Amino acid sequence: MLRFAAPFLFAVVLLGASPSPSPSPVTFGPPQYRALWVDAFHDGIKSPAQVEKLVADAHRANLNALLVQVRKTGDAYFLHSDEPRAIDIGGPRGFDPLGYVIRLAHASVPRIEVHAWVNTFFAGESSRVYVQHQDDWANRTVDGQTAGYLDPGVPEVQIYLHRIFMDLARNYDVDGIHLDFVRYPGDTWGYSPASVALYMLQTGTTSAPDPTSGLWKAWRRDRVTAFVRDLHADLQGQKPWVRLSAALICYGGGPTSASGWTTTSAYSSVFQDWRDWIVKGYVDFGVPMNYDSDWSAREQRWFGQWLAFDKDSGFANHVVIGVGAFLNYPEDTLTQIRQVISASAAGNRVLGVAIYSYASTSVYGTDDFYTSPDLAAGLPRQPYAGGMTTPAGLAARAQTFNQKFMTELSQPDHYDDVQLGSIATQPVFTMPAPVPDVPATVPQ
């Protein structure tokens, strides 16, 4: 008798209980990427508590994509990797930072995308891959200097990195792979013996090339492009829903037309032909790092030039523009974001914006400035002039400003400047937005 009574009583309890209220539907704005870079040189995903805070902050700010750095110097902030686990991961034994970010971000309402941000040809001189292979794989300047970079001109380097990144895509439910340092350090680099030997074999030259050689520049540029192209093709074949993106160089002023592209530093100095990658579909979208200080008239001009190029060169629907919040006062970053997400005079819009970074949201919130009095001295307003000089005090104030910035993105707010007093800020993301669809190809 008791065997049948238990289910009956349970049913009575269910019938008598009040039904749970349905969650309120989410009201969305137009589709738009609102991404945040989360670097691994600072806190962000290194413990369960950090991940929980990150996802909550992103939700509060109405962001919809996290570019989380999971490979900074040949290490791994995820469990399933042939490279060594990063040494600064906390939490319980077996904690998987990337896996936990994906779990919480994807469960968030609205859902938040997670893109695995990986340093590509930079590994650091103390990394295992660099220590083991530096004689053959280390990138060198024409006079033999090194700095922890792997040489894109060495085929084994490309094979190794391609495998690491494909394993990452296969093992995790990431929304994208985001390439950083997918370039040469400068135009005097590329002189590993293996790279030079291969260049000579393929071109029929009989001596090591001069750094200014046009043929040598083109060869190095093609090596970087080949890596990006082949990785994208492999992703399309195995996990076509995983988007490949890349952090792109925007040194100085932007070109005024497509014909001016070859004069840019990206093309001619670090051999990152990212316009070609976008136009030919080797990346699903590019993220030009348009890092300029709004308080500088010269850099304002640079910022506007790159915006015009990205919006009106025919590939705006494959571009998410990066802004350097760490170089700006909070209200100026909000101004730059508005400029990014607005239409050009010709009516063209980019996919959205990416903010650098979670750990450095303004000149108040970055150790680039508060640990460097010389750099801080160049700012028009001195955020560190309030008598606070201890490292712990400066770090605590930086954290306060970084937290406030998450609010400033989505709500009217204010902050206290040591010189000007209270400064009001107006939000840019007043409601959630879905990520946009990215077209498969770029019209040519």
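Biologist: What should I know about the model itself?

Modeller: It is a predicted model, where local features need pLDDT of at least 70 and side-chain atom pairs count only at pLDDT 80 or more, while totals for chains, interfaces and linings use all residues. Residues are numbered from 1 along each chain as its sequence is written, and side-chain values use heavy atoms, with hydrogens and water left out.

Biologist: Back to E1. Which strands does it pair with, and in what sense?

Modeller: E1 pairs with E8 in the parallel sense over four bridges. Four bridges also join E1 to E2, again parallel. Two strands count as paired if DSSP finds at least two bridges between them.

Biologist: What are the bridge partners of alanine 35?

Modeller: Alanine 354 in E8, and alanine 65 in E2. The chain goes from E1 through H2 to E2, and that β-α-β crossover is right-handed. Right-handed means this: with the strands pointing away from the viewer, the path from the first strand over the helix to the second runs clockwise.

Biologist: What comes next to E2?

Modeller: E3 pairs with E2 in the parallel sense, over six bridges. Valine 68 has alanine 116 in E3 as its bridge partner. E2, H3 and E3 make a right-handed β-α-β unit. E3 is also joined to strand E4 (residues 176-180) by five bridges, and these two run parallel. Histidine 115 stands opposite glycine 176 in E4.

Biologist: How many residues of E3 are buried?

Modeller: Seven of its seven residues. Glu113, His115, Trp117 and Asn119 point one way, and Val114, Ala116 and Val118 point the other way. In a regular strand the side chains alternate between the two faces of the sheet.

Biologist: And H3? Which of its residues are buried, and what covers them?

Modeller: In helix H3 (residues 97-107), the buried residues are Pro97, Leu98, Tyr100, Val101, Ile102, Ala105 and His106. Their cover includes helix H2 (48-60), strand E2 (65-71), strand E3 (113-119) and H5.

Biologist: New topic: aromatics. How many pairs are there?

Modeller: The structure holds 32 aromatic pairs. Rings of Phe, Tyr and Trp (its six-membered ring) pair if their centres lie within 6.5 Å; planes under 30 degrees apart count as stacked, over 60 as edge-to-face and the rest as tilted.

Biologist: Why is phenylalanine 95 with tyrosine 100 called edge-to-face?

Modeller: Their planes are at 75°, so the pair is edge-to-face, with ring centres 6.0 Å apart. Both residues are buried.

Biologist: What about tyrosine 364 and phenylalanine 401?

Modeller: That pair is stacked: 4.4 Å centre to centre, 10° between the planes. Tyrosine 364 sits in the loop between strand E8 (352-356) and helix H12 (367-370), and phenylalanine 401 in helix H14 (residues 391-410). They are 37 residues apart, so the pair links distant parts of the chain. Tyrosine 364 counts as buried because its relative accessibility is 2%.

Biologist: Which charge sits over the ring of tyrosine 267?

Modeller: The charged end of arginine 221, 3.7 Å from the ring centre. The criterion is NZ of Lys or CZ of Arg within 6 Å of the ring centre and within 35 degrees of the ring normal. Tyr267 is also in one aromatic cluster with Trp261, Trp274, Trp306, Phe309 and Phe315.

Biologist: Last one. Which residues touch the most other members of the largest nonpolar core?

Modeller: Leu179, Trp274 and Leu409, out of 110 residues. A nonpolar core is a set of buried Ala, Val, Leu, Ile, Met, Phe, Trp, Tyr and Cys residues joined through side-chain atoms within 4.5 Å. Helix H5 (residues 155-171) gives the largest share, eight residues. A second, separate core has 15 residues, including Val363 and Tyr384.

Terms used
Buried < 20%, exposed > 50% of the residue type's maximum accessible area, 1.4 Å probe, protein only. Contact = heavy atoms within 4.5 Å.
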